[in-house]
Amino acid sequence: MSVSAPTRITPVGKMSDFRAQRIWERNLLVYRRIWKVIFTGFFEPVFYLLSIGIGIGALVGDLTLPGGHIVSYTAFMAPALMATSAMNGAVMETTFNIFFKLRFGNVYQGMLTTPLQPRDIAIGEIGWALFRGSLYTGVFLLVMWVMGLVESWWALMTIPGAVLIGFAFGSVGLAACTFMRSWQDFDLVSLATMPLFLFSATFFPIDVYPPAIQVLVQFSPLYHGVELLRSLTLGIFDPSILGHIAYLVVMGLIGATIASRRLDGLLRK
Amino acid sequence: MIATLTRARRTVEAELIAYKRTWRGTVISSFVNPVFFLSAMGLGLGSLVDRGQGNLSVSYLTFVATGLMAAIGMQAGAGDGAHPVMAGIKWRKEFHAVITTPMNPGDIVVGRAVWGTIRLTFIMVVFTIIAGLFGAFDVGTALMAIPPAVLTGIAFQTSMTAFTATREDSTSLTTIFRFAITPLFLFSGTFFPIANLPQAFQWIAYATPLFHGVELVRKIALPGIVPPDVTTLPIWVHFAYLGVMLAVGITLAARFLDRRLRP
Amino acid sequence: MTENLVEARGLTKTFGSFTAVDSIDFDIRKGEAFGFLGPNGAGKTSTMRMITTVSPITDGKLTVFGMDPTTEGRDIRRRIGVVPQEDNLDLELTVAENLYVYGRYHDMPRATIRERIDELLEFAQLTDRRKNTVESLSGGMKRRLTIARALINDPDLVILDEPTTGLDPQARHLLWERLYRLKRQGVTLIITTHYMDEAEQLCDRLVVMDQGKIAAEGSPSELINRYSTREVLELRFAEGEQDEAVLRLDGLADSSEVLADRVLLYTNDAESTQRGLHERGVHPEQVLVRRSTLEDVFLKLTGRRLID
Ligand SMILES: Nc1ncnc2c1ncn2[C@@H]1O[C@H](COP(=O)(O)OP(=O)(O)OP(=O)(O)O)[C@@H](O)[C@H]1O
Ligand SMILES: [Mg+2]
């Protein structure tokens with residue numbers, strides 16, 4: 001046994017060192033006052049689902065998927081809406097809301113004079129976006145179930161699935177947010193999310209595209225999110241699901257690393 | 001009347017100056033988004049619909065493109081009457097500055113409506129040409145449907161201005177977009193014929209403004225379209241509805257804005 | 001031997017090619033109130049930010065509580081309270097909530113925080129505003145709230161960057177009294193300011209900074225004794241007469257400063273200097289005799305005034 005010398009180690013990764021929950025406590029206080037906005041947010045994707053279920057679904061009828069399965073158009077569309085809403089929620093939270101806190105009022109600069117560190121802020125804010133996203137997903141899933149669109153118990157796994165989508169997009173959104181200079185830059189955010197929403201095999205199966213474009217679609221992160229949730233709600237699995245998960249995990253990790261580093265540079269001048 | 005219009009022109013000029021700073025957003029929303037939307041909805045989803053079980057009398061691309069003209073008008077108009085107005089009243093407070101000049105709140109409302117008309121007409125022309133290139137319809141005929149689409153937009157813009165002028169914060173704006181504008185967008189016949197809705201909802205749709213805008217655009221732009229893809233209501237009903245809405249919108253907007261700015 | 005809470009040797013901060021803090025040395029002792037005095041851009045805030053560990057040091061050595069800001073920033077921040085130059089209150093929260101979340105950032109138990117909030121609101125005279133949003137506070141109230149927030153964790157060291165800018169005279173005096181009370185409780189204070197009277201009132205010791213360097217160090221009275229005379233004559237002349245009068249002042253006082261609107265004569269015997277003025281036939285419109293202040297020290301050291 002050696003006598004332990006007084007060491008000076010920066011405690012990294014110790015559980016007692018985890019402080020992101022302080023950011024959540026703060027956000028919870030804010031949200032307690034604006035819960036109505038949060039609550040009404042549940043309705044938007046549900047309206048979309050109803051519109052498709054009642055109207056467009058009737059126009060399209062049933063679809064034959066690439067694997068030969070036949071599903072109603074509404075059941076096909078529902079998980080895509082879920083994935084899109086997870087993407088939009090995470091991107092909005094990590095761009096609009098965080099841009100405000102970052103560039104106006106110096107809220108984060110204040111936090112950093114306490115034991116909090118840039119990493120806590122990055123993890124805290126991404127985590128918060130995920131939490132919020134999973135609430136929305138839960139409600140959406142419930143509505144799907146009521147409408148008879150859930151084919152399998154695996155559908156419950158859409159909640160972690162949507163969290164993963166939120167993680168991937170939230171991290172990248174946060175990283176992007178650190179590069180933004182003015183509110184006008186948010187035009188570029190919608191320039192990115194809008195085509196993703198429209199062209200990620202959301203509204204129609206990927207085989208509708210010409211083969212060359214199909215390859216392109218496979219680069220879209222939302223495509224992987226949609227496919228992941230779709231196989232869960234329809235209960236149709238093949239090995240490609242691992243690829244979808246891996247894509248989103250890697251994307252999230254890269255985004256989080258860049259975000260954490262950029263935040264550090266921005267906040268600790 | 002002439003004086004009002006001259007003063008309204010000042011508002012237009014001010015908007016034009018601000019516009020120079022925000023042009024990028026406009027390019028995206030008026031050029032890029034229509035291209036994306038038409039190719040995804042019209043071509044992609046259209047290929048499913050056209051081989052699906054619904055029997056539309058026109059292609060889905062044609063159906064959606066005409067519906068979108070009115071819907072885009074609504075979105076842009078309602079957007080214009082919401083946050084920018086709240087900013088003028090509360091955040092940047094430029095309306096308060098404006099009324100210390102010879103301008104009245106009414107001049108602001110009219111001026112913004114005129115500006116909105118110019119902007120919307122521009123957006124619609126671009127959209128119509130792009131949709132024409134996609135093969136949605138004959139551009140010559142479709143251009144005649146631009147006035148009703150713009151009318152729809154301005155009716156929404158002025159009514160939304162009236163609403164915003166009575167609100168304290170942007171939460172109510174979020175709420176009205178979620179519970180009025182989005183459902184209107186989704187259920188007013190833009191993406192599928194009203195006839196697909198349950199009977200009771202069809203009656204509700206008749207009472208809502210975007211439905212009349214969509215019908216009007218389709219009946220003018222697509223002479224060959226037949227029920228049930230459109231209703232049998234005569235064109236003047238739609239015009240009357242939107243005209244009354246615009247008149248009421250302007251009146252209330254001027255009154256509420258006046259009350260708000262000069263309490 | 002007194003313990004040093006903060007030690008800086010050759011402390012340097014550069015932004016790109018610009019040197020904001022240029023190799024400065026200072027020690028701040030436990031329990032004292034230490035001031036940084038200097039004009040705009042002197043490097044005061046940059047120095048404060050390095051001490052609070054939110055700004056990485058470029059060069060030199062800095063310890064706070066004997067710890068290294070680079071590796072032990074978190075443990076340092078646990079024990080300090082910070083009042084930044086610009087308020088950075090959380091605008092989305094109420095007055096009391098602002099204090100509450102900072103308590104939580106410091107890992108304090110909720111019950112302790114609640115008690116502490118009551119005391120601090122009392123301290124900042126904001127008790128009847130506890131449920132208001134921060135947006136609705138006046139500038140001075142925001143400043144007081146920021147100061148209260150800095151005290152939530154019962155810090156050993158409080159760093160105040162221009163704490164009284166924007167406060168009315170009454171609020172300033174109140175704040176001085178509160179800071180004095182903190183000091184009596186053994187809290188160490190670091191204060192930056194442009195105000196001489198504030199520095200003289202509050203600081204046991206101070207440094208005068210200019211262009212990133214320390215121009216002088218000592219207690220207020222030491223500095224005055226060392227760099228200035230006991231008394232100062234302030235002369236104001238009628239429009240256009242100053243230039244001509246200055247020529248006749250040579251050798252009348254120990255030294256003089258010619259400012260745009262007046263002339264300062266430094267002397268240890270104001271009366272005889274005044275007599276000298278008379279003998280030379282210099283007739284200012286107004287003559288003011290006063291004690292030397294840190295303002296004069298600063299003028300002497302840098303040739304410039306603290307507040308322009
Ligand atoms: N983040 C930064 N990037 C570049 N230059 C900076 C930055 N922060 C400060 N400076 C520069 O460093 C110099 C010192 O600034 P600092 O804020 O420390 O001065 P100060 O003594 O606090 O002045 P004041 O009395 O105006 O608050 C200034 O010239 C300033 O422009
Ligand atoms: Mg400063």
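Across the interface of chain B and chain A, three residue pairs are in polar contact, both residues at pLDDT 80 or more; such a contact is a pair of N or O atoms within 3.5 Å, where, within protein, one must be able to donate a hydrogen and the other to accept it, and residues adjacent in sequence count only if both atoms are side-chain atoms. The model is predicted, so local features need pLDDT of at least 70 and side-chain atom pairs pLDDT 80 or more, whereas totals for chains, interfaces and linings use all residues. Residues are numbered from 1 along each chain as its sequence is written, chains are lettered from A and ligands numbered from 1 in the order in which they are written, and side-chain values use heavy atoms, without hydrogens and water.

Chain B gives 38 residues to the contact and chain A gives 32, contact meaning heavy atoms within 4.5 Å. Together the two chains bury about 3100 Å², of which 75% lies on carbon and sulfur atoms; buried area is the accessible area (1.4 Å probe) that two parts lose on being put together, summed over both. Arg24(B), Leu48(B) and Arg178(B) supply 19% of the area that chain B buries against chain A, more than any other three residues.

Arg178(B) also forms a salt bridge with Glu44(A), with the closest N and O atoms 3.7 Å apart. The term denotes a side-chain nitrogen of Lys or Arg within 4 Å of a carboxyl oxygen of Asp or Glu.

A magnesium ion (ligand 2) is coordinated by Thr45(C) through OG1 and Gln85(C) through OE1, at 1.8 to 2.1 Å; donors are N, O and S atoms within 2.8 Å of the metal (3.2 Å for Na, K and Ca), and sites may look incomplete because water is not among the atoms.
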